[in-house]
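Hello,

Here is the structure for you to look over. My notes follow it.

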Amino acid sequence: ALVQILQHTMTLHDRVVLLSVQIAEVPYVNDEQRCHVDILLDQYYRLQVHFGYMETVDLPTALTHCRSAGQQLVVMEDTHFFLGNASFVAGTHPEMAVWRMKLFLALLNNAQSATGYFQLPSPQVVDMGTRIVLGNPDA
């Protein structure tokens with residue numbers, strides 16, 4: 001998503017936070033271990049937010065906890081979330097069985113969106129998309 005923003009707008013915000021959500025192999029993560037921030041450059045950060053596999057992923061609440069734990073770089077009211085989103089389409093000569101491709105696309109269409117899964121406020125979300133063709137598009 002960051003590369004697409006740079007390619008299309010030729011601009012970059014003053015403060016950039018690269019956020020990744022990681023699901024741990026434990027049921028629950030302690031609040032003290034929820035957030036980890038690395039300073040990459042001046043005003044460029046990497047923020048890792050950890051959840052246990054039994055927890056509901058609620059990113060706004062976790063980010064509020066990060067702020068209350070002393071990490072002042074995330075302000076929810078002024079934050080915009082740029083999500084990388086891929087859409088898959090069937091090619092003319094699929095490299096996988098047609099029934100598998102149809103099943104994959106049906107399951108993908110029924111999957112919850114990243115905005116809903118992370119419980120992000122819709123007005124603050126920008127989807128940066130790319131299209132991926134399954135199979136050979138030129139054959």
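**Salt bridges and a buried arginine**

Arg 46 is partly exposed, at 36% relative accessible area (buried is under 20%, exposed over 50%, partly exposed in between; 1.4 Å probe, protein chains only). Its side chain meets that of Asp 38 in a salt bridge, 3.2 Å from N to O (a side-chain nitrogen of Lys or Arg within 4 Å of a carboxyl oxygen of Asp or Glu). Asp 38 is partly exposed too, at 22%.

A note on the source: this is a predicted model, where local features need pLDDT of at least 70, side-chain atom pairs count only at pLDDT 80 or more, and totals for chains, interfaces and linings use all residues. Residues are numbered from 1 along each chain as its sequence is written, and side-chain values use heavy atoms, without hydrogens and water.

The whole structure holds 3 salt bridges. Asp 31, Arg 34 and Glu 55 form one network through shared partners.

- Asp 31 to Arg 34: closest N and O atoms 3.6 Å apart.
- Glu 55 to Arg 34: closest N and O atoms 2.8 Å apart. This pair links distant parts of the chain, 21 residues apart. Glu 55 is in the loop between β3 (44-51) and α2 (59-68).

Arg 34 sits in the loop between β1 (16-23) and β2 (35-41) (helices, H or I, of at least four residues and strands, E, of at least two are DSSP runs, numbered from the N terminus). Is Arg 34 buried or exposed? Arg 34 is buried, at 7%. Asp 31 is partly exposed, at 42%. Beyond four places in sequence, the contacts of Arg 34 (heavy atoms within 4.5 Å) include Val 29, Phe 51, Ala 62 and His 65.

Best wishes
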